[in-house]
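Subject: Structure for your review

Dear colleague,

Please find below the structure that I am handing over to you. After it, I set out what was found, and I would ask you to read the text with the structure open beside it.

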Amino acid sequence: KSMFCTDDGGLLIAEFHDDTTAFDGGKHELLKNKGRTNNRISTFLMNVLAAEGINTHFVDTLSEHEVLVKYLTMIPLECVIRNIAAGSLCRRLGVEEHLELKPALFELFLKNDDLHDPLVNENHAISFGWATQAQLDAMKVMTFKINEVLSKLFSDAGLLLVDAKYEFGIDTDGNVCLGDEISPDSCRIWDAETQETLDKDRFRKDMGDVVESYEIIARRIGAL
């Protein structure tokens, strides 16, 4: 995405691109209609979460590719929550893929492409000044709440929310808010019956039909 200033210092315009990257930018392609589809999905999910009392940066839809969002001072951490073992977790710990995780597993990663987003803990975050304990507590509570809401929404649509990455920031009033986006670029989503991959792993693994799979998700949840 690209972010643009507005005449209001508390608001920005976020533009969703068709660019798709993986492996910290090592793989890059343009996928027609990906930006529009991710914008639809993210906007829909942000509105669902707002209705459940989650503070988000979303304000309004401006076009098929643009949304108006609150200005946030981003916390340089990624909150990852995992319902099913997949991806880097399996490689890192040698656990079996598709293993259901109960309770859901919460992890923190430093947002730094050059370091390949290393796994960190709360002590790192506090000692290096990336976040306060109060902010970390709020982010964790919000992450679990988001996971609860979206897991049910996807389940009702015949989908599995395998794992997801959420990013948070501080708004001009000092509140912790969900930022960035929620889309198949930031979540693993499988078909509940076949366990077919419908997310960005299709791009990472050269499986094809990336945007078509994103559109399946969008249609099933009612975003498209």
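Two strands are said to pair if DSSP finds at least two bridges between them. With that rule in mind, please note that the model is a predicted one. In it, 5 strands form an open sheet in the order S10-S9-S8-S11-S14, and their pairing is antiparallel. Strand S10 (119-120) and strand S14 (187-191) stand at the edges; each has a single partner strand, so one side of each is left without a neighbour in the sheet.

The chain as a whole

The secondary structure of the chain comes to 6 helices and 14 strands. Along its principal axes, the C-alpha trace spans about 45 × 40 × 35 Å. Why may the chain be compared with a compact globule? For 224 residues such a globule would have a radius of gyration near 17 Å, and the chain has 17 Å, which agrees. Of the 224 residues, 48% are buried. Among contacts between residues at least 6 apart in sequence, 60% join residues at least 24 apart.

The accessible surface of the chain comes to about 10,900 Å², and 49% of this belongs to carbon and sulfur atoms. As for charge, there are 23 positive and 39 negative side chains, and the centres of the two sets lie 4 Å apart.

Strands S1, S2 and S6

Strand S1 (residues 2-5) and S2 form a hairpin, with 5 residues between them. The two strands run antiparallel and are joined by 4 bridges. On its other pairing, S2 is joined by 5 bridges to strand S6 (residues 66-70), again in an antiparallel manner. Which residues of strand S2 (residues 11-15) lie on its covered face, and which on its uncovered one? Leu-12 and Ala-14 form the covered face, whereas Leu-11, Ile-13 and Glu-15 form the uncovered one.

The hairpin of S3 and S4

Strand S3 (residues 19-22) and strand S4 (residues 27-30) run antiparallel and are joined by 4 bridges. The bridge partner of Ala-22 in S4 is Lys-27. This hairpin has 4 residues between its strands, and Phe-23 takes a positive phi near 55° there.

Thr-143 in helix H4

Thr-143 is found in helix H4 (residues 133-156). Is Thr-143 buried or exposed? Its relative accessible area is 0%, and a residue counts as buried under 20%, so Thr-143 is buried. Leaving aside neighbours within four places in sequence, Thr-143 is in contact with Cys-79, Ile-81, Phe-106, Tyr-166 and Phe-168. By contrast, Ala-157 is 14 residues from Thr-143 in sequence, and the two are 21 Å apart in space, C-alpha to C-alpha.

To find your way, you might begin with the open sheet, S10-S9-S8-S11-S14, and then turn to Thr-143 in helix H4.

Yours sincerely,
A colleague

Methods
Residues numbered from 1 in each chain as written. Predicted model: local features only at pLDDT ≥ 70, side-chain atom pairs only at ≥ 80, totals over all residues. Heavy atoms only, no water. Rg over C-alpha atoms; globule rule 2.2 N^0.38 Å. Buried < 20%, exposed > 50% of the residue type's maximum accessible area, 1.4 Å probe, protein only. Contact = heavy atoms within 4.5 Å. Areas by Shrake-Rupley, 256 points an atom, 1.4 Å probe, with all protein chains shown as cover. Lys, Arg positive; Asp, Glu negative; His and termini not counted. Charge placed at Lys NZ, Arg CZ, Asp CG, Glu CD.
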